[in-house]
Amino acid sequence: MITLITQCLIISALIIFGVALLVCLFRLIKGPTTADRVVSFDATSAVVMSIAGVLSVVYNSVSFLDSIMLIAIISFVSSVSISRFIGGGRVFNGNNKRNR
């Protein structure tokens, strides 16, 4: 009985994450501004990480957790880079001298 409920919850979670992924991908492609696309990319990466987490539970494996960490790091770095580019047009500030 418990395994049946668990299987139903896992299947429903995967369906909900699939619908959320489609909505996020639609906004990523159709977004009117770059900021909308950045937010949609963040949401898409969060949904993909959630799907990988659920699949990790389904397959009873911890090997998916490495990919979740990699997706999180890439998502964070790309979001910061794109946000800095939108804000000031420069991602890296090579001419900035620090006060010592």
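This is a short tour of the structure, one selection at a time.

**The whole chain**

Start with everything shown. The model is predicted. Colour by secondary structure, and you will find three helices and zero strands. Read along the sequence, the pattern is α-α-α.

The accessible surface comes to about 7700 Å². Of that area, 71% belongs to carbon and sulfur atoms. How many of the 100 residues count as buried? The figure is 15%.

Turn to contacts between residues at least 6 apart in sequence. Among these, 47% join residues at least 24 apart.

**The annotated spans**

Keep residues 6-29 and hide the rest. This span is 100% helix and 0% strand. Its end C-alpha atoms lie 34 Å apart.

Move to residues 41-62. Here the span is 82% helix, again with 0% strand. The end C-alpha atoms of residues 41-62 lie 25 Å apart.

**Helix 2**

Select residues 34-58. This is helix 2, with 25 residues.

Which residues of helix 2 are buried? Select V38, S40, T44, S45, V47, I51, A52, V54 and S56. Then bring back the other helices. What covers these buried residues includes helix 1 (2-30) and helix 3.

**S45: a buried stop**

Zoom in on S45, in helix 2. Is S45 buried or exposed? Its relative accessible area is 8%, so S45 is buried, because buried means under 20%. Now show what S45 touches. Leaving out residues up to four places away in sequence, S45 touches I71 and S75.

**V57: an exposed stop**

Stay in helix 2 and select V57. V57 has a relative accessible area of 56%. The cut-off for exposed is over 50%, so V57 is exposed.

V57 and I10 are 47 residues apart in sequence. How far apart are V57 and I10 in space, C-alpha to C-alpha? The distance is 8.8 Å.

**N60: after the helix**

Step along to N60, which follows helix 2. N60 sits in the loop between helix 2 and helix 3. Look at its backbone. Phi of N60 is near 55 degrees, a positive value in a residue other than glycine. N60 is also exposed, with a relative accessible area of 73%.

**Last look**

S45 is buried. N60 is exposed.

Terms used:
Residues numbered from 1 in each chain as written. Predicted model: local features only at pLDDT ≥ 70, side-chain atom pairs only at ≥ 80, totals over all residues. Heavy atoms only, no water. Helix = DSSP H or I, 4+ residues; strand = E, 2+ residues; numbered from the N terminus. Buried < 20%, exposed > 50% of the residue type's maximum accessible area, 1.4 Å probe, protein only. Contact = heavy atoms within 4.5 Å. Areas by Shrake-Rupley, 256 points an atom, 1.4 Å probe, with all protein chains shown as cover. Expected span 1.5 Å × (residues − 1).
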